[in-house]
Structure formats: structure tokens, C-alpha cells
Amino acid sequence: MDNLVPPRAASAPGPRRRDRHGRGMRGPIAPPQVPLAASRADVFADLVQDSVERLERRWPQLADIDFLVLEVPRLDGPSDGAWNDEAVPLGGIVVAREGRPARVVVYRRPVEIRTKGRDERAALVHEVVVEQVAELLGLNPETVDPRYGED
């Protein structure tokens, strides 16, 4: 009977870090500086940022445009009629109004579903960004990026 834990200590408030057998979450799987530690959403946002940086060298006015990454397109909203049951959009634009900057949106999940690897995903992200920027600026995608459509 010397091994009894006082009831107050057993029910102490606070998060349990391990189960009663000493198992459970111990810490992160990988240190933060390794690519394994980055989430899929973070990696995707980096792909969009890389594409935007490539285009900003040629089009400095893109610094005034906000680029966003959303999980999936919304069914309710201003672009309600912009897509139908057959095709899910990969990106969209919101024109500037009332002091708000224009926005280019890239939808992460539809792009990820259509690609198999990182290189293919990066290429599709760049195409989507180029197409949306071209639509926003009223230009052809080939004008925005001369390498558009090349594989």
C-alpha cells in the first residue's frame, strides 16, 4: 500500500502529455527547418509565392495585387455563376473596388487533385496564376508570361 498515488495528484488539472504507459505524443517528428515539417498548405502557398515572384519581375504592378490561397471555391459569393457542375475552378479574381486591392485566388484542393507530383503541381499553379493575372489585366496569358503553355 505504499505505492498509492494520492487522489489529488492523479486528478491534477492540465493537459496529459502521455498515457499511463508512458506513450503518446513526444514532440515534433521533424525539426522546423526540414521540408518534412512544412504542411501541404504551406508548401502550396510557397509555390504560389514563387510564381508571383517570377511574374513580378516582368510586371511590377502586380505588387498592388493580393494573392490568396483558399482550400476550395465557395458556392455562395460573387462568382456563383462562374462555374457549373462540370468544372471546378482552379482560381479566380476579385476586381479592385472601394479602396480594396484586386485579388487573385488559387484554390489548393482542386489543383492538388489534378496533379501527381511537386513539379507538375508547380507548373499547374503557375499556369493558374498566369491565367488569373491575364484576366485581371485584360491581356493574353502569353503576353503575361511568354513561356505560358510550354511543357
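In the predicted model, the side chains of S51 and H126 form a polar contact of 2.6 Å (N or O atoms within 3.5 Å, one able to donate a hydrogen and the other to accept it). S51 belongs to helix 2 and is buried at 4% relative accessibility (buried, under 20% relative accessible area; exposed, over 50%; partly exposed, in between; 1.4 Å probe, protein chains only). D50, also in helix 2 (residues 40-58), is partly exposed at 42%. Helices (H or I, at least four residues) and strands (E, at least two) are DSSP runs numbered from the N terminus.

The structure contains four salt bridges, defined by a side-chain nitrogen of Lys or Arg within 4 Å of a carboxyl oxygen of Asp or Glu. One of them pairs D145 with R54 (3.7 Å, N to O). This pair connects the segment after helix 5 (141-144) with helix 2 across 91 residues. D145 is buried at 7% relative accessibility, whereas R54 is partly exposed at 35%.

A further salt bridge joins R108 and E71 (2.6 Å, N to O). R108 lies in helix 3 (residues 108-113) and E71 in the loop between strand 1 (66-70) and strand 2 (91-94), 37 residues apart. Within helix 3, E112 and R109 are three residues apart, about one turn, and their closest N and O atoms are separated by 3.0 Å in a salt bridge.

Residue numbering starts from 1 along each chain as its sequence is written. Local features require pLDDT of at least 70 and side-chain atom pairs pLDDT 80 or more, while totals for chains, interfaces and linings use all residues; side-chain values use heavy atoms, without hydrogens and water.
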